[in-house]
Amino acid sequence: MPAEATVLVVDDSRTKRYLLVSWLTRAGFQVIEAENGADALTRVDDDHVDLVVLDVRLPDASGFEVCEQIKSRHPAMPVIHVSAHAVDVVDRTQGLTRGADAYLAEPIEPDELIATAHAVLRYYQARQRAELLAARMLALADTTVAAHAASTFRQLLEAAASGAAEIFKSPAVVVGETADGERLAGVAAGRGLGASTVPWTVEDDSAVPVGTTVRVTDPAQWALLNWPAGDTVTVAAARLREDRPPLYVVVPTKTQTERTPALVQLVQAVAAAVEAQRSYDEEHRIAVTLQRSLLPQRIPEINGLDLAVRYEPASARTEVGGDFYELVMLDGHLLLAVGDVAGHSLHAATVMAELRHAVRAYAVEGHQPGAILHRVNELMRTLLPNESATLCVLLLEPTTGRVRLASAGHLPPVLNVDGKVEFVQHSAPLLGIRAERPADLEFVLPPGATLVFYTDGLIERRDATIDEGLAALADVAAQVDEDLDRFCERLLVQLTPPEINDDVAVVVLRRR
C-alpha cells in the first residue's frame, strides 16, 4: 500500500461513517467522506481517491448503481461494498457482478475491513504497475521503430524525444553526437507536443563507461526546457563503444519506477539507432567523396560562354550512383556530355568512370558526337555486355555557336531562346544495344540562348509522370537567372523533393 492511501467512505449513516473512518484512520489511511451517491461521484472525480468503501443502500441511489458509475469513470479504482441489509448470496453476487472488488456484511470486524482494504489495494497496485509497464513497452516499441526509420540524425533525435515524452507522459530530452562531432539535443516539452533539435554541449563525459548507466541529478544541468517544479531529473546514458560518445535520455525522476526498466531499454534502443545512423552518415560521406572524385574537378572558363554545374547525390542512399557529366575544351571546341548508368552501386560508379574516360578519349581522337556514341556503344557491348546507360554528347564552337549533338536514349536538353522554351529532340537507342543511330543534330546556338542538360533525377517523382516532370522543367526554365549558379539552385529547389531519391546532374550552358 502506498503511504497514506486515501479512502472514500460513502454511507448515509453518520454513526457507521464515524466507525469506518476511525478504523481506517487508525490503520494509517487518509479518509474522506460522502453521505450519498451524488456526493461520492463528485469526490472520486475531483479528489485523489485510492479506494472506495461504499454502502449498498444510499438515499439517492443503490450502491450497485454508484459502483457501476465509479467503474465506468475510473476502471482502476477499487470498491468495497458494505451492507447490513443485503447479506444473502444473490445480493453479494449482484454486487460483485456489477463491479465491486469485495463485499463485507455487517457486523464488520475492524481487522477484516483493514485486511480487505490492504488486499484490494495490493491487487490494484500490481495491476496498475503491469498496465503501466505494458503501455510503456508498447510505446517503447513504436519509438524504436520510429528512431530506426529516421533518415537524418535530427529526425532520429526528434523521434526519440517525442517517443520518450509519450512513454513517460512528461517532458523529455535526448542528446547525441553526429558523425561530424556536432552535439544536438532532441527536445519534447510534453506528450503530443512534437519535438525539435537544438545545439547542446554536455560537460566532459569521458568518464562515462561503456554500457548503460542511470543517475539522478539537478535539472539545472539540463536546462533545455521547463522541468516540473520540485523534481529532479533522471539521466540514462548509453555508450556502445569506447570510441563513441554517450547517448543521453533525460526525463523527470517522478516518472520512473524501481530499476527504471523502460528508460534503460529506451536509451539502449536509441543508442543502437544512433550508431546505425552515424555509420550510415560516415559511409554516405565516403561514397559521395568517391563519387565526386570521379567527376570533373573544375569548370573550364571559355570566352563567349557561361557554364554552371550542379550535382546532388541521392540523399537516401549510401551507394554511389552512375550519373556523370563532362566539360572540357578540345581543339577549340567545348565537349559537353551528360550521362546516366543504370543502377546505384560502386559497380555503377565504376562503369560511369569508364564511359566518361572513353568519351574523352574518342573526342581527343577527333570524332564527332555520333561517332563517339557509336564507339562507346561498341566498347560497352564488348567489355560491359550486361550494362546499359544513357548519354548525350555535344560539341560546340564558342565563336560561332555551331553545335553538333547526339543522344543515346538520354532525356532531351532544354533550349531557351529569348524566353521561348523547347526540347532539343534527338531520339536514339540507349547504350548497350546494337541498333542504327540517326545522324548528328546540327544547329546554331544564338547569342543569349541557354541549354540545360540534366539526368532523370531532376524531373522524376513518385507522384508524377515523366511528361508532367518535363512540363514542370519547361515552366521553370522559361526564366533563366543572370547568375547561372542561382538558376541551377532554383531548378533543384523547385523540381526535386526535399529528400532526393535519385542522383541529379545539371549542366547549364549559355552563349553570351
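This is a predicted model: local features need pLDDT of at least 70, side-chain atom pairs count only at pLDDT 80 or more; totals for chains, interfaces and linings use all residues.
**Exercise 1. Is Tyr124 buried or exposed, given its relative accessibility?**

*Solution.* Start with the value: Tyr124 has 4% relative accessibility. The cut-off for buried is under 20% relative accessible area, so Tyr124 counts as buried. Now do likewise for Tyr123, whose relative accessible area is 48%. Exposed would need over 50%, so Tyr123 is partly exposed.

**Exercise 2. Classify the ring pair of Tyr123 and Tyr124 by its planes.**

*Solution.* First, note that the structure holds 2 aromatic pairs. In the pair of Tyr123 and Tyr124, the ring centres are 5.2 Å apart and the planes stand at 90°. Planes over 60 degrees apart count as edge-to-face, so this pair is edge-to-face.

Next, take Trp222 and Tyr248: their ring centres are 5.5 Å apart and their planes make 55°, so the pair is tilted. To finish, check burial: Trp222 is buried at 3% relative accessible area, and Tyr248 is buried at 2%.

**Exercise 3. Work out the order of the strands in the open sheet, and find its edge strands.**

*Solution.* The open sheet has 6 strands, and reading across gives 8-7-6-11-10-9, with antiparallel pairing. The edges are strand 8 (196-199) and strand 9, each of which pairs on one side only. On average, and ignoring direction, neighbouring strands of this sheet are turned by 20° against each other.

Now zoom in on one pairing: strand 10 and strand 11 run antiparallel and are joined by 6 bridges. Within strand 11, Val251 stands opposite Thr234.

**Exercise 4. Describe how helix 10 and helix 11 pack.**

*Solution.* Begin with the geometry: helix 10 (residues 466-477) and helix 11 (residues 484-495) pack at about 145°, with axes 10 Å apart. The crossing of helix 10 past helix 11 is right-handed. Then list the contacts: Ala472, Leu473, Val476 and Ala477 of helix 10 meet Phe487, Arg490, Leu491, Gln494 and Leu495 of helix 11. Sorted by class, this contact has 7 nonpolar, 1 polar and 1 charged residues.

Terms used: Residues are numbered from 1 along each chain as its sequence is written. Side-chain values use heavy atoms; hydrogens and water are left out. Rings of Phe, Tyr and Trp (its six-membered ring) pair if their centres lie within 6.5 Å; planes under 30 degrees apart count as stacked, over 60 as edge-to-face and the rest as tilted. Buried means under 20% relative accessible area, exposed over 50%, partly exposed in between (1.4 Å probe, protein chains only). Two strands pair if DSSP finds at least two bridges between them. Helices (H or I, at least four residues) and strands (E, at least two) are DSSP runs, numbered from the N terminus. Axes are lines fitted to C-alpha atoms, for helices over the stretch in contact, and angles run from 0 to 180 degrees between N-to-C directions. A crossing is left-handed if the near helix is turned anticlockwise from the far one by less than a right angle, and right-handed if clockwise. Contact means heavy atoms within 4.5 Å. Ala, Val, Leu, Ile, Met, Phe, Trp, Tyr, Cys and Pro count as nonpolar, Asp, Glu, Lys and Arg as charged, and the others, Gly among them, as polar.
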